[in-house]
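Trainee: I would like to learn how to read a structure like this one. Please take me through a few of its features.

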Amino acid sequence: MDIFPKTISTKGPAELFTGDVYFDVIAKGEDPSQLRVNIVRFAPCSRTAWHTHAAGQTLHVTDGVCLVQARGGEVKVVQQGQTIYTPPGEWHWHGAAPDHFMSHLAMWETTGVADGSETTWGELVSDEEYGYPE
Ligand code: MN
């Protein structure tokens with residue numbers, strides 16, 4: 001059994017996140033496990049850039065109000081206690097609502113490749129793209 005020290009919060013870099021986003025690594029499985037779990041905390045208006053996950057991703061909203069959008073779809077409002085799944089290769093972003101903080105657990109798997117190719121990052125989400133659905 002391992003019991004780890006209390007996690008530390010790392011600020012998400014400005015090339016991948018708009019606004020104040022902090023993540024804590026909760027689980028990083030040792031081979032053969034490919035488990036990855038982070039808790040991610042978003043200030044109001046903050047969000048990820050557009051990105052995809054090679055093996056998909058599950059998000060569980062633990063606090064606040066989440067906005068999420070898949071490429072070509074509407075922005076969706078997701079509440080605390082709800083779970084989001086994005087399939088492998090689907091372009092999407094996630095973040096806080098304009099008027100709420102938001103925290104979610106992010107759960108995904110590595111691809112077993114050391115170059116970090118499990119997540120592919122694109123452009124930042126513009127102010128025109130971001131916001132509550134019409
Ligand atoms: Mn994602």
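Trainee: Which residues coordinate the manganese ion?

Mentor: Donors are N, O and S atoms within 2.8 Å of the metal (3.2 Å for Na, K and Ca); water is not among the atoms, so sites may look incomplete. Here the manganese ion is coordinated at 2.2 Å by H51 (NE2), H53 (NE2), Q57 (OE1), H92 (NE2) and H94 (NE2). Along the chain, the donors have the spacing H-x1-H-x3-Q-x34-H-x1-H. This is a predicted model: local features need pLDDT of at least 70, side-chain atom pairs count only at pLDDT 80 or more, and totals for chains, interfaces and linings use all residues. Residues are numbered from 1 along each chain as its sequence is written, and side-chain values use heavy atoms, with hydrogens and water left out.

Trainee: Are H53 and H92 buried or exposed?

Mentor: Buried means under 20% relative accessible area, exposed over 50%, and partly exposed in between (1.4 Å probe, protein chains only). Both H53 and H92 are buried.

Trainee: How many salt bridges are there?

Mentor: Side chains of opposite charge can pair when their charged atoms come close. A salt bridge is a side-chain nitrogen of Lys or Arg within 4 Å of a carboxyl oxygen of Asp or Glu. The count is four. One of them joins R41 and D24, with the closest N and O atoms 3.7 Å apart. D24 is buried at 4% relative accessibility, while R41 is partly exposed at 39%. Another joins E123 and R71 at 3.2 Å, N to O.
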